[in-house]
Amino acid sequence: MINYWPLIGVGIITIGLALRLNTLLVILTAGVVTGLIADIAIMDILSTLGASFTKNRYMSLFILVLPMIGVLERYGLRQRAETLISTIKGASAGRVIFLYALLRTITVGLGLNLGGHPSMIRPLVAPMAEAAAEKGRTPLSKKETMQIRALSAASDNFGNFFGQLIFIGAGGLLLIKGVLSDNGFELELGDMYVWAIPTGIASLIVFFFTAKIGDLRLKNPEQPQADKE
Amino acid sequence: MLEYIYQATGLLLIAFAVQSFSDTGNEKRIGTGLFWLIYGLSFCLGEFIPDWITGIMVLALTIIASAGFMGIGTYNGTGDDFANKQAKTFGNRLFLPALIVPIGTILWNTLTGTSALIGLGVSSVVALIAAMWLTKCSPKQSSQEGRRLLDTIGWAAILSQFLAALGYLFNQAGIGETVSHIVQLIIPDGSLLIYVMAYTCGMALFTIIMGNAFAAFAVITTGIGLPLLIIGQNGNPAIVGVIGMLSGYCGTLMTPMAANFNIVPAALLELENKNHVIIVQFFPGLVMLAINTSLMYFLAF
């Protein structure tokens, strides 16, 4: 007979997060309830919590990097990145969007979180892609504009997610290391980040074709004459 | 050596706390300051005090965060005009201090053979000194700038440490056995490929439900990845872990639960359909999940 009780923690997390309760509170509740069900005394749960928290301090070493990034931002790091991105030369919307995803993957892989939807996509990438798409043709239909913008938003996520773990100090790698070492498998960051590279390369190829398909759709607008918005 | 780096991080957090307390521009300065103070103390003292006291500190952090006692302050900022002017002066040299961190960490790891974590800490400090030297920014203002970034992250800064503790408690409670029993009920004589798919697709699915790949990782790795792949099939833990997390990110592309990445941008870009970003990402996300599954299958065993 399978003991289903340990799954209650998973249920608490799923319901708690779906109800948009504070993530820390949900996780703590799930942890404590799971511990109680496993017959661990409340003091032992507190001790386990504290011990694990102390042991995994390295997960939060990214805090040490923040003052350096903050200083560079004060002196124009973001503005410089904007200047660089605005020099992207793309013959088509798809090309602009792909080149941005490429830059985003490389920079985030170096530990530089320079992108983001509010700071790069809305003010720069989406307008640049729209402008590239409109070059030498009738104005974009509403539907086409929406499609280009959505693809621009996707480019930031693609670059950000699949480039992230290539950085040797990435928070994601530190979490993987922590979870596995709690279960008796000691890992070194130096042996981990390289395994994120194949996925990173594959993601760029996949996104290249995604952007290309976006371009092809633009070149065959359905009934351009009838489409007067 | 690593302990010194934790002490340094703790002291930095305490400096943030002091600046938070005296930040009259922040209506929630007491809560914000307390949060960073307690967190900083857990870094400095964690090794030396009984674990249950740290446990109580963790409880206090949770209460401050979930009661909404934290807020954004003021950081003696100079505005965009100043940054624009400085960006022209410094040009691409602004990127150099930032590059010290990844390069320094990898060099430290290969040259000294000691933990890359120490390299990360040392490189961060060297990079900060380089940035201050380049821009002539004062140490006090550097701390303000760090605090500005940490306040925007807020309580999420301690999420990873939280999830690790959760994973540990889950493991103690035997969740791994339960999940692997269930998986074995569903796929009794699974081949290796089926097991790999159970893990990668499980990561994606749980991330879709929870909206957070980190949370899914703690659950699915203790439940499926460890018992079935790493222990059961002798999989390489580094490869299984890294590609497992990346499979979770495929789920992030497909879920409205990850609002910051998918829903907020749709609003920001004034899209008519708030799920438009997810629709665009769905198919490429599935392709990436298939690629991650094959990569794990071929590389980890």
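Predicted model: local features only at pLDDT ≥ 70, side-chain atom pairs only at ≥ 80, totals over all residues.
# A briefing on chains A and B

Let's start at helix H14 of chain B, where Tyr297(B) is found. Chain A has 11 helices and zero strands, and its 229 residues are 60% buried.

- Helix H14 of chain B covers residues 276-299, and Asn292(B) lies within it.
- Is Asn292(B) buried or exposed? Asn292(B) has 0% relative accessibility, so it counts as buried, the cut-off for buried being under 20%.
- Setting aside residues up to four places away in sequence, Asn292(B) touches Phe162(A) and Thr199(A) in chain A, along with Ile243(B), Leu246(B), Ser247(B) and Cys250(B) in chain B.
- Tyr297(B) counts as partly exposed because its relative accessibility is 30%, and that class runs between the 20% and 50% cut-offs.
- Which residues does Tyr297(B) contact, leaving aside neighbours within four places in sequence? They are Leu192(B), Leu193(B) and Val196(B).

**The largest nonpolar core**

- The largest nonpolar core holds 163 residues, and Met68(A) and Leu165(A) touch the most other members.
- Helix H11 of chain B, residues 213-231, gives the most to this core, with 12 residues.
- Met68(A) reaches across to chain B: apart from neighbours within four places in sequence, its contacts are Pro97(B), Ala98(B), Val101(B), Ala127(B), Leu128(B) and Ala131(B).
- As background, nonpolar side chains tend to be buried together in soluble globular proteins.

**Chain A: domains and overall form**

- Where do the two domains of chain A fall? Domain 1 takes in residues 5-55, and domain 2 takes in residues 61-219.
- The C-alpha centres of domain 1 and domain 2 of chain A are 34 Å apart.
- Read from the N terminus, the elements of chain A run α-α-α-α-α-α-α-α-α-α-α.
- The radius of gyration of chain A is 23 Å, whereas a compact globule of 229 residues would have one near 17 Å.
- Along its principal axes, the C-alpha trace of chain A spans about 70 × 45 × 30 Å.

**Chain A: contacts and surface**

- Among contacts in chain A with a separation of 6 or more, 67% join residues 24 or more positions apart.
- Chain A has an accessible surface of about 9400 Å², and carbon and sulfur atoms account for 64% of that surface.

Notes: Residues numbered from 1 in each chain as written. Chains lettered and ligands numbered in written order. Heavy atoms only, no water. Domains from an automatic or database assignment. Helix = DSSP H or I, 4+ residues; strand = E, 2+ residues; numbered from the N terminus. Buried < 20%, exposed > 50% of the residue type's maximum accessible area, 1.4 Å probe, protein only. Contact = heavy atoms within 4.5 Å. Core = buried A, V, L, I, M, F, W, Y, C linked by side-chain atoms within 4.5 Å. Rg over C-alpha atoms; globule rule 2.2 N^0.38 Å. Areas by Shrake-Rupley, 256 points an atom, 1.4 Å probe, with all protein chains shown as cover.
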